[in-house]
Amino acid sequence: QQPEYEIISLGQMGGPVSGGQAVSSNGTFGAGFNDDDPFLWEAGGDVIPLNSLPGRPFSIHWSVNDTGTIAGIGATTFFGSNALPVIWKNGEAIQLALPPGEALGRAYGINKSELGVGSIDGGTAERAATFSESGPGMQITATMPGGGILRTAYAVNNSSRIVGQATDPSNAAVTKGFYIDDGDSEATDIGAIAALGHNSAIAFDVSNAGFITGSSSFNSGV
């Protein structure tokens with residue numbers, strides 16, 4: 001049976017460009033932007049403007065949890081330059097602390113416990129990381145089977161299952177999609193669509209039931 005959807009307009013936000021970026025798993029909250037300014041949407045119809053992080057006028061929202069706390073990035077350009085991990089909580093933009101010695105970071109996902117996930121550093125040095133208000137960020141040091149590095153964590157569910165993208169140490173052209181649960185010493189390779197000849201994958205999101213969605217390709221291509 002075909003699914004049915006209800007499309008809800010967030011209204012004219014007052015600027016020429018706006019967009020919705022995320023919705024909570026319970027459908028109560030949404031997050032997005034109006035021009036360069038972030039906002040929180042509530043199911044009752046209220047749209048609450050939010051401030052950007054001082055010194056980072058460009059805000060990119062990636063996830064919002066079931067209590068309305070948003071995870072994202074504060075940057076100096078629309079393209080995410082000089083990114084810092086940020087949460088928006090109770091109307092306030094709060095920078096999440098980076099691990100010692102790090103200057104760049106991104107928060108892509110957040111769960112009901114306000115565990116944030118994302119990455120630190122950039123380029124070939126980018127590493128998956130977790131963030132919280134209670135202390136500095138931490139690199140996820142677990143590896144893939146065979147030693148692949150976890151590059152970016154894109155999402156985390158309410159059971160703290162983290163998903164994202166990793167490397168294949170034997171083939172630089174291949175990306176590996178992974179998930180890792182709390183307490184795991186090694187990440188799990190979710191695999192690619194072998195029937196299509198694929199060898200690469202990226203895991204972009206995970207539901208609270210543990211279902212993962214993402215992409216599959218050959219050598220990280222189309």
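**Pockets and aromatic contacts**

The second largest pocket has a volume of about 280 Å³. Here a pocket is an open set of points on a 1 Å grid over the protein atoms alone, with protein on both sides within 12 Å along at least five of seven lines, and lining residues have an atom within 4 Å of a point. The volume is the space filled by probe spheres set on the points, which are joined across faces, edges and corners. The structure is a predicted model, in which local features need pLDDT of at least 70 and side-chain atom pairs count only at pLDDT 80 or more, while totals for chains, interfaces and linings use all residues. Residues are numbered from 1 along each chain as its sequence is written, and side-chain values use heavy atoms, with hydrogens and water left out.

The second largest pocket is lined by 14 residues, and Thr 130, Ile 140, Ile 162, Asp 182 and Gly 183 are the closest to its centre. Its lining comprises six nonpolar, five polar and three charged residues, where Ala, Val, Leu, Ile, Met, Phe, Trp, Tyr, Cys and Pro count as nonpolar, Asp, Glu, Lys and Arg as charged, and the others, Gly among them, as polar.

Turning to the largest pocket, about 470 Å³ of space lies there. Its lining has 25 residues, with Val 23, Trp 62, Ser 63, Ala 155 and Asp 205 nearest the centre. Two or more lining residues come from each of strands S1 (18–23), S5, S9, S13 (150–156) and S17 (200–206); strands are DSSP runs (E, at least two residues) numbered from the N terminus. By class, this lining divides into 11 nonpolar, 11 polar and three charged residues.

Four aromatic pairs are found in the whole structure, counting rings of Phe, Tyr and Trp (its six-membered ring) with centres within 6.5 Å; planes over 60 degrees apart are edge-to-face, under 30 stacked and the rest tilted. Trp 62 and Tyr 108 are edge-to-face because their planes stand at 70°, with the ring centres 5.6 Å apart. This pair joins distant parts of the chain, strand S5 (residues 58–64) and strand S9 (residues 105–110), 46 residues apart. Trp 62 is partly exposed at 41% relative accessible area, whereas Tyr 108 is buried at 15% (buried is under 20%, exposed over 50%, partly exposed in between, with a 1.4 Å probe and protein chains only).

Conventions
Helices (H or I, at least four residues) and strands (E, at least two) are DSSP runs, numbered from the N terminus. On a 1 Å grid over the protein atoms alone, a cavity is a set of points where a 1.4 Å probe fits but cannot get out, and a pocket is an open set with protein on both sides within 12 Å along at least five of seven lines; lining residues have an atom within 4 Å of a point.
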